[in-house]
There are 4 protein chains.
Amino acid sequence: MNGQVLRERLANDFERVRAQTEALVAPLSAEDQCVQSMPDASPSKWHRAHTTWFFETFVLRPAGVEGLSPEPYAILFNSYYNAVGEQYDRPSRGLLTRPSHDEVTAYRQRVDESVLELLRAEVDDRLAGRIEVGLHHEQQHQELLLTDIKHLLSCNPLDPVYSRDASLKGDDASVPAMRWSGHEGGIARIGCGLPSFHFDNEGPVHEVLLQPFEIAQRLVTNGEYLEFIEDGGYERPELWLSVGYDTVKSRAWGAPQYWRKEHDGWSQLTLHGRRRVRDAEPVVHVSFYEADAYARWSGARLPTEQEWEVATSEPEPAPLGGRAAAVHPSSPSPYGAAWQWTRSSYSAYPGYRPAEGALGEYNGKFMCNQYVLRGSSCATPTGHARRSYRNFFPPEARWQFSGIRLARDQG
Amino acid sequence: MNGQVLRERLANDFERVRAQTEALVAPLSAEDQCVQSMPDASPSKWHRAHTTWFFETFVLRPAGVEGLSPEPYAILFNSYYNAVGEQYDRPSRGLLTRPSHDEVTAYRQRVDESVLELLRAEVDDRLAGRIEVGLHHEQQHQELLLTDIKHLLSCNPLDPVYSRDASLKGDDASVPAMRWSGHEGGIARIGCGLPSFHFDNEGPVHEVLLQPFEIAQRLVTNGEYLEFIEDGGYERPELWLSVGYDTVKSRAWGAPQYWRKEHDGWSQLTLHGRRRVRDAEPVVHVSFYEADAYARWSGARLPTEQEWEVATSEPEPAPLGGRAAAVHPSSPSPYGAAWQWTRSSYSAYPGYRPAEGALGEYNGKFMCNQYVLRGSSCATPTGHARRSYRNFFPPEARWQFSGIRLARDQG
Amino acid sequence: MNGQVLRERLANDFERVRAQTEALVAPLSAEDQCVQSMPDASPSKWHRAHTTWFFETFVLRPAGVEGLSPEPYAILFNSYYNAVGEQYDRPSRGLLTRPSHDEVTAYRQRVDESVLELLRAEVDDRLAGRIEVGLHHEQQHQELLLTDIKHLLSCNPLDPVYSRDASLKGDDASVPAMRWSGHEGGIARIGCGLPSFHFDNEGPVHEVLLQPFEIAQRLVTNGEYLEFIEDGGYERPELWLSVGYDTVKSRAWGAPQYWRKEHDGWSQLTLHGRRRVRDAEPVVHVSFYEADAYARWSGARLPTEQEWEVATSEPEPAPLGGRAAAVHPSSPSPYGAAWQWTRSSYSAYPGYRPAEGALGEYNGKFMCNQYVLRGSSCATPTGHARRSYRNFFPPEARWQFSGIRLARDQG
Amino acid sequence: MNGQVLRERLANDFERVRAQTEALVAPLSAEDQCVQSMPDASPSKWHRAHTTWFFETFVLRPAGVEGLSPEPYAILFNSYYNAVGEQYDRPSRGLLTRPSHDEVTAYRQRVDESVLELLRAEVDDRLAGRIEVGLHHEQQHQELLLTDIKHLLSCNPLDPVYSRDASLKGDDASVPAMRWSGHEGGIARIGCGLPSFHFDNEGPVHEVLLQPFEIAQRLVTNGEYLEFIEDGGYERPELWLSVGYDTVKSRAWGAPQYWRKEHDGWSQLTLHGRRRVRDAEPVVHVSFYEADAYARWSGARLPTEQEWEVATSEPEPAPLGGRAAAVHPSSPSPYGAAWQWTRSSYSAYPGYRPAEGALGEYNGKFMCNQYVLRGSSCATPTGHARRSYRNFFPPEARWQFSGIRLARDQG
């Protein structure tokens with residue numbers, strides 16, 4: 001492709017992704033967008049401003065475009081990039097009632113216009129590459145925006161509804177028996193070697209040696225997880241990692257996040273309101289600890305991220321932007337309706353080198369005390385999922401759409 | 001006065017006080033009104049809803065008016081009245097993005113109409129008395145609303161401005177030398193014995209025996225407080241209560257709240273923006289610990305609340321509603337521009353009996369580990385101040401407009 | 001008395017008090033004496049070294065005696081006297097396995113010999129006065145030593161026994177009905193005006209005006225307190241100060257400290273082991289919050305410290321040193337087997353001036369957020385009690401022998 | 001070997017290891033042995049009792065020997081074995097002044113006699129195996145005992161000395177230039193496959209695929225680490241994992257634990273007292289974060305545990321018991337004077353199965369948020385080190401003798 005075609009495609013992607021963020025916050029009031037419900041979560045408005053700051057800082061400023069925002073924005077909306085300066089206290093992001101919702105909208109528009117103007121002229125490969133990083137970065141924040149707003153709404157006794165749109169709702173269809181795919185083990189290639197976009201932590205491509213294993217063809221369902229609960233799973237320390245059981249006790253966990261015991265069964269809060277827990281849907285909002293304990297209870301284990309990657313074939317390509325349709329747990333696709341905890345601690349691949357400059361802070365510095373999740377979720381933007389994609393969260397995190405795919409040794 | 005005249009006066013007061021609350025939030029966006037900056041503070045929206053809930057619960061419901069709010073409001077906007085039921089977690093008030101700003105406005109209007117309708121018919125003395133309590137209660141929240149929003153805005157590096165209106169601003173006029181009023185001591189009557197409104201903690205009237213004392217005719221100024229700072233006041237443990245000095249060190253205090261050291265002197269955040277500290281204005285936003293240490297440094301002490309009350313004559317009557325003009329520290333009125341810390345721990349007067357029922361929780365249960373402040377501040381609504389009024393806060397509180405009036409023994 | 005007689009008496013007192021401290025720790029191993037069970041408590045060894053450091057610092061050093069201890073002792077055993085230098089971190093006192101028990105014993109002996117040698121020559125009034133302060137100081141620590149060791153032993157599931165000596169044990173004798181002494185109120189003199197020893201906080205003598213009141217002739221018993229428990233006292237917020245009820249809930253209190261529910265009733269840990277709660281004994285180890293709630297439940301209130309002092313006549317004089325016999329709750333003496341919480345916040349008397357120099361840190365700087373207890377306890381050394389004595393602790397403190405004497409308005 | 005020879009060898013090992021524990025505490029007073037300086041550490045006395053409880057619970061009780069300890073010991077000295085019952089609160093182990101030092105000594109003797117008596121008769125393989133586990137378990141606690149007591153003594157401003165014996169002291173000899181050993185990569189066997197003793201986490205033996213790499217022939221020295229400090233290493237976020245830099249800031253780290261800046265250079269606390277930091281000695285008491293940051297600063301990285309194991313040849317066999325001589329950092333042995341942080345998160349080998357029963361809690365349940373250290377240290381008992389040995393600690397731990405061996409990719 002020649003430069004102009006590339007630039008047009010990038011401009012299209014840019015407009016689509018940026019618009020998708022705005023579409024996601026359309027059901028939310030300025031108040032909803034301003035509040036932070038826990039240190040791990042960020043306000044929607046902050047997500048909108050931060051992703052904009054990203055383009056301003058890493059694309060526009062290097063291209064010589066200045067003056068698009070008041071000086072303090074450089075501090076307020078810098079998440080964690082020490083190389084570009086100071087950052088506002090993370091747990092206090094919800095205190096920023098100013099800039100207002102409308103000011104942030106205007107800021108987005110100014111930056112959008114500038115980036116599109118840039119793309120109408122020549123842009124060098126480095127800037128084009130950074131725009132592409134910025135779009136994938138924004139897509140990551142689109143998913144966080146949904147999980148963060150879900151957490152906020154869950155704190156409100158009024159059980160508020162994010163959106164009445166029911167297209168994401170699963171049904172009550174029965175779920176097939178668990179089936180397993182066998183793998184012979186041996187030497188396998190891991191990581192993304194394609195020229196298309198991927199994050200630095202997906203490479204370099206390298207070989208690993210795997211033992212024979214089996215992996216489940218679908219995710220664990222609510223119905224199966226309920227059996228674990230009813231079998232006293234949360235009360236039996238022998239099923240848990242030591243720090244996991246401590247967490248269960250200190251936080252009084254007895255079910256996945258957003259579940260509530262009603263007089264006639266369990267309900268769960270969803271983005272479309274509170275409703276009955278449906279047995280056929282995949283269990284979500286479980287921590288690594290719960291996934292690990294469930295696996296042990298069921299006589300299986302969690303897969304390593306290498307096993308997961310090897311067992312998975314690349315999904316159909318899809319355009320950037322948009323949100324994936326929810327996937328039934330019995331779907332043949334490995335990309336279920338939920339991220340899948342692996343037993344792999346998040347660490348560097350052999351030969352890993354972070355990107356140069358501030359963007360080198362994107363992944364590498366978080367490789368400690370986090371676990372890799374693979375797949376995607378109902379909240380992942382269409383086209384954002386990749387077989388080699390490495391999501392990561394601390395083992396106690398539950399507010400993501402995180403579920404369970406089992407594995408076991410083949411003997 | 002006959003009943004109808006009383007009811008009309010009450011209706012007028014009601015409309016004026018309720019409108020004044022709305023006037024105070026007029027400069028604020030829905031976002032500004034939603035966020036909670038610390039557990040001690042509440043969002044403006046919550047203040048607006050809580051004061052409305054107060055009328056709904058203690059006036060309308062006993063009068064048989066029902067259905068003015070969704071059921072959970074009874075929990076969300078109950079502050080601390082155990083006798084009327086459960087309460088939403090206080091430090092989480094800022095998570096309530098719903099009900100929205102507009103829904104709270106509509107709630108206020110529904111309750112306003114119902115109360116005014118009630119007042120157009122007969123109301124018995126008990127209900128009339130409760131409406132009066134509700135109005136004084138709302139005036140207390142008007143002051144808190146201002147101090148809470150000031151705290152929120154202070155957390156924002158953009159130094160946001162509550163209101164550009166500068167009528168509250170002091171000037172640079174010189175301040176007179178400190179002068180003292182002497183009092184002979186002896187037996188004095190304390191407390192409010194008037195038939196007009198006062199809180200239960202202002203009574204019963206009783207006699208106390210005072211030693212001869214002197215009290216300052218004006219409040220301590222910024223200029224005087226700066227001398228204390230420059231004399232190493234915050235570094236000299238011998239000037240402080242033990243727990244006060246621990247607080248200074250653990251919180252790294254070195255000046256009143258909202259002060260900031262600039263390259264050319266001190267600035268302070270005000271509701272009208274950040275500006276230079278003016279020597280002639282009374283020092284505000286100091287804790288009891290700082291007031292006590294300053295007094296010790298200056299060779300004086302804080303007055304007891306009885307000394308303060310005896311030394312003070314009743315101010316001019318003023319109508320309910322409205323905000324008092326700021327008072328110069330050299331004003332002859334004892335009701336300066338700041339509440340004045342006394343050395344009196346907040347406790348029951350001899351013979352004190354809390355009101356019957358839930359309203360008995362208004363004052364008595366807080367009589368522990370708090371100190372009495374007397375006077376009023378620039379944020380106190382006109383007509384809300386009383387000579388016998390007992391304000392109270394924990395000794396480390398600084399976000400109120402709290403200042404210093406000195407006293408000393410006469411010997 | 002002439003100087004030599006005075007010095008001989010002082011030397012006798014000195015030897016008796018110092019020996020009494022050693023007698024109190026005789027039942028304890030070096031291990032028992034070394035450990036600190038909570039930040040509020042200190043190890044026995046630390047008490048022994050600190051009281052010795054007090055004589056070294058305030059008596060011997062001013063008299064020119066040097067070299068009695070290694071340099072770091074000046075930091076390790078300084079409790080809170082900023083004027084004489086730095087202090088070792090209070091919650092870490094239990095980490096000081098060195099100096100050893102035997103080294104501290106030797107330190108005590110060196111200091112004892114030096115003080116006694118001083119007393120064989122001339123000592124000026126100032127030094128003599130400081131020796132007297134040091135002895136009363138050591139007696140205060142004798143009581144703390146017992147309450148601190150009781151707390152430590154209570155943490156051990158082996159229910160260790162401090163001493164098998166049962167002379168302190170109460171019996172099962174019946175307790176007389178509660179009787180009240182009436183007082184007319186009026187002007188009363190408060191504080192200690194005697195030339196004999198008293199702390200600076202007991203003066204100056206001053207007049208107060210009291211309302212008519214009645215005060216209970218004996219302390220509240222375990223049996224009476226059990227009725228409060230069984231009536232749901234710990235579950236009824238309307239009986240409690242707000243911060244008191246928060247404390248009850250956050251610490252899961254349901255009975256006095258050291259009580260345990262057994263299958264057939266309540267037991268309590270004593271210094272002589274765990275045994276059945278005896279109805280006739282005064283309730284001890286209750287906080288101010290519990291005392292206040294019990295009083296409200298019973299239709300009474302706590303006395304002010306002035307009421308307590310006026311209602312009390314001076315007990316028989318007793319020599320310094322030794323431990324008081326336990327007193328039955330129906331004892332006519334106002335000095336029951338437990339300190340008695342008053343409703344008075346600990347504050348300065350009118351005209352109070354702290355002592356000059358470092359000893360001025362003894363009392364005044366603690367006059368904040370503490371409540372006064374009057375009387376004495378089974379752990380108070382004989383002769384240490386005084387009618388004007390002002391003991392003080394934070395309202396949540398329970399590890400002292402603190403109980404309840406009721407009062408009520410006379411109307 | 002026949003059974004009797006085996007039993008005699010086991011009895012010899014038993015006596016030697018048990019005596020070694022007592023030899024390690026010989027320089028310590030009963031006070032030193034009782035106190036706990038932080039939740040991660042345990043008192044020496046507790047180590048002595050816990051290792052004894054281990055034999056009582058897992059060897060003697062299954063063999064039918066009862067009554068060797070009072071009932072509560074089963075709770076007090078159970079560390080974390082849920083399968084055998086309740087446990088005393090870990091951070092409170094230092095409160096156990098009872099049982100006394102002498103009672104624990106007597107407890108050890110009773111158990112020693114019973115085990116030796118058992119070994120004079122027939123013991124089945126299972127019990128013999130458990131005695132062997134118990135000895136290795138006790139050796140692990142011997143090392144912890146030394147690191148825990150070092151931490152306790154470090155909290156004391158008197159700089160106490162554990163032992164004046166200077167045989168462990170390094171000298172000032174020069175250190176050779178850093179040299180690297182190259183490895184070709186490829187398939188390697190990992191884990192212990194020998195019939196001799198090893199923990200369950202060292203197996204099963206399995207193959208891994210390694211990339212070519214180089215590993216340092218000696219550990220990083222104090223002198224080299226000082227260059228990192230002087231180059232601003234602790235102030236440069238780009239060198240650190242994100243959570244590592246947060247830890248550095250929140251704990252104010254600026255050097256390895258036990259280092260102190262003196263007016264003329266750095267000193268460090270050792271078990272033999274405080275002395276000058278010697279450039280030629282290996283740096284110890286660094287966290288994983290510091291090891292990782294140092295490696296990044298030096299242009300290298302930490303090895304994986306597989307690289308470490310492959311690069312290492314088995315050391316000379318040595319008898320159980322005794323303490324290894326300190327090893328110079330330039331020693332050809334891979335078992336330096338310090339444990340060596342690897343970049344490997346502690347996790348299960350492929351096919352790992354925990355032991356049956358309570359001993360299955362020994363390793364597996366701790367496989368989360370910890371990093372593997374390989375090698376041994378100056379505090380490791382002779383004969384306890386193994387090439388396949390997997391030590392593990394949280395990344396912030398510094399109180400072990402943990403140091404740095406570098407690795408790098410070979411390209």
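## Contact between chain B and chain A

In this predicted model, 28 residues of chain B are in contact with 28 residues of chain A. About 2300 Å² is buried between the two chains, and carbon and sulfur atoms give 61% of that area. On the chain B side, the most area is lost to chain A by B:Glu31, B:Leu95 and B:Arg98, which together make up 33% of what that side buries.

## Polar and charged pairs

Four salt bridges are counted between chain B and chain A. One of them joins B:Asp32 to A:Arg98, with the closest N and O atoms 2.8 Å apart.

## Make-up of the chain B side

Helix H2 (30–34) and helix H6 (125–154) of chain B each supply at least two residues to the side that touches chain A. H2(B) gives the most, with four residues. By class, this side of chain B has 17 nonpolar, seven polar and four charged residues.

## A three-stranded sheet in chain A

Chain A has an open sheet of three strands in the order E1-E4-E12, with antiparallel pairing. Strand E1 (180–183) and strand E12 (407–409) each have a single partner strand and stand at the edges, so one side of each is left without a neighbour in the sheet. On average, neighbouring strands of this sheet are turned by 20° against each other, direction ignored.

Strand E4 (residues 213–216) of chain A pairs with E12(A) in the antiparallel sense over three bridges. The bridge partner of A:Ile215 in E12(A) is A:Ala407.

Methods:
Residues are numbered from 1 along each chain as its sequence is written. Chains are lettered from A and ligands numbered from 1 in the order in which they are written. This is a predicted model: local features need pLDDT of at least 70, side-chain atom pairs count only at pLDDT 80 or more; totals for chains, interfaces and linings use all residues. Side-chain values use heavy atoms; hydrogens and water are left out. Two strands pair if DSSP finds at least two bridges between them. Axes are lines fitted to C-alpha atoms, for helices over the stretch in contact, and angles run from 0 to 180 degrees between N-to-C directions. Contact means heavy atoms within 4.5 Å. Buried area is the accessible area (1.4 Å probe) that two parts lose on being put together, summed over both. A salt bridge is a side-chain nitrogen of Lys or Arg within 4 Å of a carboxyl oxygen of Asp or Glu. Ala, Val, Leu, Ile, Met, Phe, Trp, Tyr, Cys and Pro count as nonpolar, Asp, Glu, Lys and Arg as charged, and the others, Gly among them, as polar.
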